[in-house]
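Welcome, and thanks for taking a look at this model. The sequence and the structure come next, followed by a short tour of the fold.

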Amino acid sequence: MTIEIFQHNDHKRLSWFGSKEKKHYHCYQINLLIGLFATLPVTLALPVEALQVRVIPNNPRLGDTVSVIINLDNPENNSNPTVSVGEKTYPVFELAPNKYRAFLPTTPLEKPGTRKLRVAGDGQVQEVSVTVGNRKFPVQRITLPPGKSADGATEYELNRVAAFKALQTPQKYWNGLFLKPNNGRMSTLYGVRRYYNGKFANDYYHRGLDYAGAAGSPVTAPAAGKVALVGRVSQGFRVHGNVVGIDHGQGVVSIFMHLSRINVKEGDIVKAGQLIGAVGSTGASTGPHLHWGLYVNGQSVDPTSWRTKTFE
């Protein structure tokens, strides 16, 4: 196919030219054509990615919460994309139109190394590699008096707590950074491995942060949520003691143990900073302190990162 870029009158003008002039004129035509095509936007020739995946943080360590942000151009049948690692699939929630998020918890009991994420949506699949770095956790020796053994939990207590940690409420209650639940100094960090009465606790790590607040000092909600668990020693909570659990939504829950007083009831909606109880030493505790555990998709993660950066 020939593309003419000159007007009809140009043919007449060419009749006055010699062969040399005609040759130069045709070269001008070709160069002008090339220039026109060069100005076309390059993006017109490139395929548009309908599935976009972003992983935060870039260099996670054991105990961190890994956030997978997914953008879709045309979600199929209004269905959420899927995120899986091996045989395990993680829940995905919509944050905004065509924007989704999944949380991948990591723990001290896992091995560092590369995780292969499979993200599917918009009829496309992306394989994403995430390298989880190692992290050293201290070892602690604890001596518990008779009747305070961590092995003395009742079946009722274990069942209630397990059901609470497994919550996957679609609604997202929290917004922004999580707050300190108590003003006491931090006495035990997340991830500490322990010997109890001289015996190493296999498959155990300290699942939270301990605050050495004075007995009776206030315990407040670190973030908004719904009170989904209230348990008392009188009901058989021998290890957790008097306990409050807050569902922050979308697989994120907080548990507060060893309380001396409880100021909320199940079903209450609480705001960040709202009073929920007081520090005590009930359950498997050697002295007054608050234990705050943060669970994501059923796994205990380090609450510290949730206090220093915002998770969507």
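## Terms and ground rules

A residue is called buried under 20% relative accessible area, exposed over 50%, and partly exposed in between, using a 1.4 Å probe and protein chains only. At 23% relative accessibility, glycine 133 therefore counts as partly exposed.

This is a predicted model, in which local features need pLDDT of at least 70 and side-chain atom pairs count only at pLDDT 80 or more, while totals for chains, interfaces and linings use all residues. Residues are numbered from 1 along each chain as its sequence is written, and side-chain values use heavy atoms, with hydrogens and water left out.

## Overall picture

The protein has four helices and 22 strands; these are DSSP runs numbered from the N terminus, with helices being H or I of at least four residues and strands E of at least two. Of the 312 residues, 45% are buried. The protein exposes about 16,900 Å², and carbon and sulfur atoms supply 53% of that area, as given by the Shrake-Rupley method with a 1.4 Å probe.

A contact here means heavy atoms within 4.5 Å. Among contacts between residues at least 6 apart in sequence, 68% join residues at least 24 apart.

## Confidence

The predictor's confidence in each residue is its pLDDT, on a scale from 0 to 100. The mean for the protein is 86, and 81% of the residues reach 70 or more. Please read residues 1-47 with care: pLDDT stays under 50 there, and the model has 11 contacts beyond four places in sequence for this stretch.

## The nonpolar cores

A nonpolar core is a set of buried Ala, Val, Leu, Ile, Met, Phe, Trp, Tyr and Cys residues joined through side-chain atoms within 4.5 Å. The largest one has 32 residues, of which Phe178, Val244, Val252, Ile276 and Trp306 touch the most other members. Two or more residues come from each of β13 (209-211), β15 (225-231), β16 (242-249), β17 (252-259) and β21 (290-296). β21 gives the most, with four residues. Another core lies apart from this one and has 16 residues, including Val68, Ile70, Val83 and Val128.

What surrounds tryptophan 306? Leaving out residues up to four places away in sequence, tryptophan 306 touches Thr65, Phe103, Trp174, Leu177, Phe178, Val252, Leu294, Val296, Val301 and Phe311.

## Leucine 259, a buried strand residue

Leucine 259 belongs to strand β17. Is leucine 259 buried or exposed? Its relative accessible area is 0%, so leucine 259 is buried. Beyond four places in sequence, leucine 259 touches Val219, Asn242, Val243, Val244, Ala278, Gly280, Thr282 and Leu290. Valine 244 is 15 residues from leucine 259 along the chain, and their C-alpha atoms are separated by 8.3 Å.

## Sheets and hairpins

Two strands pair if DSSP finds at least two bridges between them. An open sheet of four strands runs in the order β1-β2-β6-β5, with antiparallel pairing. Its edge strands, β1 (51-56) and β5 (92-96), each pair on one side only. From one strand to the next, the twist averages 25 degrees, with axes being lines fitted to C-alpha atoms (for helices over the stretch in contact) and angles running from 0 to 180 degrees between N-to-C directions. Four bridges link β5 to the antiparallel β6 (residues 99-105), where lysine 99 stands opposite alanine 96.

Strand β7 (residues 113-121) pairs antiparallel with β3 (residues 82-85) over four bridges, and leucine 117 in β7 is the bridge partner of valine 85. Nine bridges also join β7 to β8 in the antiparallel sense. The hairpin of β7 and β8 has two residues between the strands, and aspartate 122 takes a positive phi near 55 degrees.

## Around glycine 133 and onward

Glycine 133 sits in the loop between β8 (124-132) and β9 (139-142). Its contacts beyond four places in sequence are with Pro60, Arg61, Leu62 and Pro112. Threonine 114 is 19 residues away in sequence, at 8.7 Å from C-alpha to C-alpha.
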